[in-house]
Amino acid sequence: MKNRIAAFLGHYSVQFLCRIILGGLFIYASLDKIARPHDFARIIYDYRLVPDFAVYWIALILPWFEMICGLLLVSGFMVRTTTILLGLLLVVFISALSFNALRGLDISCGCFTVSDTGQGSLLWYILRDLLFLIPVLILIFFHQEKKKTAKAA
Amino acid sequence: MKKFLLDTVLIIAISLSCAVLYNYLLTDPLPLFKIYNPLDSDEPLLMGEQPFIDEIDVEMLKILKERDEIVLIDARVEKEFRISHIPGAVSLPIAEFEKYYLNRSKKFPADRMIVTYCSDRYCIDALQLARMLVRHGHENVFVYLEGMEEWTKLNLPVEAGSFHTDQYEK
């Protein structure tokens with residue numbers, strides 16, 4: 001049974017689907033932030049977690065990092081590395097959201113859009129980010145590197 | 001592990017290059033070597049308007065209040081204002097700007113210095129309110145960025161109850 005599940009999750013189509021979902025998600029999330037860096041800087045500042053001198057740098061680089069990782073993942077390059085990096089990023093997002101939810105801050109998420117209309121409950125965002133970790137885990141544990149499959153064949 | 005580190009460095013380098021190049025091409029680039037200040041990043045004022053809005057600190061605010069030279073405006077919601085506010089402040093919640101400001105014939109005297117504040121330096125309402133007032137012809141608008149948080153931390157006197165724009169105009 002275990003082997004069956006592993007074979008299913010390691011199957012090319014499942015892996016491909018996970019790559020498209022996770023990569024696509026991050027590409028989509030990066031677009032609005034790239035288009036409006038000033039608004040994104042404001043959101044990072046509102047999180048009250050990074051020092052003021054780092055706000056602009058994070059606002060500028062983070063969306064591009066998401067975009068590049070997303071593109072690499074979708075196109076199948078450096079799959080393991082990009083998956084781990086995006087997984088770490090999700091863990092950072094979840095921690096930041098949880099921390100602010102715990103100290104009762106009502107802030108804009110800045111997850112997919114930098115406009116105020118994208119506001120909702122922080123709990124929902126945390127839950128959603130936890131769901132996004134599922135494809136990350138599938139890709140980390142069941143992804144077969146091309147070299148290995150070539151050897152196996 | 002080595003491959004992971006090398007790939008990571010490569011991805012970060014590509015992201016950094018794209019980001020810096022993109023910022024360079026922007027008409028309104030992020031000032032990367034400046035420390036973030038909410039007053040800088042706020043959307044620019046309308047064409048032809050000068051950035052009249054500046055920050056004042058608590059010492060300056062106390063002096064101006066003593067001299068009775070300012071109109072002090074609380075931009076928070078009315079409920080918070082009723083619980084506690086800086087003595088002499090007028091409530092003008094940003095969401096009710098039209099209701100309490102635009103529909104009045106008598107407004108705050110345009111030549112009088114106005115100071116807005118809200119809960120703390122992370123809340124954006126005081127700044128937005130200040131910008132709206134500038135757009136409505138007020139020339140001397142300042143923001144007390146630290147807001148109620150600093151004021152109460154310093155154990156300065158506060159007032160409770162409501163005091164609306166209507167009363168100011170009488």
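Start at the interface of chain B and chain A, where the rule finds one salt bridge. Select B:Asp120 and A:Arg48: these two residues form a salt bridge, and their closest N and O atoms are 3.5 Å apart. Keep in mind that this is a predicted model.

Now widen the selection to the whole interface. The contact takes 33 residues from chain B and 27 residues from chain A. Between them, the two chains bury about 3000 Å². Carbon and sulfur atoms carry 72% of that area. Which residues in chain B lose the most area to chain A? Select B:Leu30, B:Tyr36 and B:Tyr122; together they account for 27% of what the chain B side buries.

Select helix α2 (residues 12–35) and helix α4 (residues 55–75) of chain A. Their axes come within 8 Å and cross at roughly 155°. An angle over 145 degrees counts as roughly antiparallel, and α2(A) and α4(A) are therefore roughly antiparallel to each other. Their crossing is left-handed. Show the side chains in this contact: among those from α2(A) are A:Leu22, A:Phe26, A:Ile27 and A:Lys33. From α4(A), the contact includes A:Trp64, A:Glu66, A:Met67 and A:Leu71. Sorted by class, the contact of α2(A) with α4(A) has 13 nonpolar, five polar and three charged residues.

The crossing of α2(A) past α6(A) is left-handed. On the α2(A) side, select A:Val14, A:Gln15, A:Cys18, A:Arg19, A:Leu22 and A:Leu25. They meet A:Phe132, A:Pro135, A:Val136, A:Ile138, A:Leu139 and A:Phe142 in α6(A). By class, this contact has 10 nonpolar, one polar and one charged residues. A:Leu22 of α2(A) takes part in the contact with α6(A) and also in the contact with α4(A).

Is the crossing left-handed or right-handed? α5(A) passes α6(A) in a left-handed crossing. Residues to select in α5(A) include A:Ile84, A:Leu90, A:Phe93 and A:Leu97. Their partners in α6(A) include A:Tyr125, A:Ile126, A:Asp129 and A:Leu133. The contact of α5(A) with α6(A) has 16 nonpolar, four polar and two charged residues. To finish, select A:Phe132 in α6(A), which belongs to the contact with α5(A) and to the contact with α2(A).

Notes: Residues numbered from 1 in each chain as written. Chains lettered and ligands numbered in written order. Predicted model: local features only at pLDDT ≥ 70, side-chain atom pairs only at ≥ 80, totals over all residues. Heavy atoms only, no water. Axes fitted to C-alpha atoms, helices over the stretch in contact; angles between N-to-C directions. Helix = DSSP H or I, 4+ residues; strand = E, 2+ residues; numbered from the N terminus. Left-handed = near helix turned anticlockwise from the far one by under 90°. Contact = heavy atoms within 4.5 Å. Nonpolar A, V, L, I, M, F, W, Y, C, P; charged D, E, K, R; others polar. Buried area = accessible area lost by both parts, 1.4 Å probe. Salt bridge = Lys/Arg side-chain N within 4 Å of Asp/Glu carboxyl O. Parallel < 35°, antiparallel > 145°, perpendicular 65-115°, else oblique.
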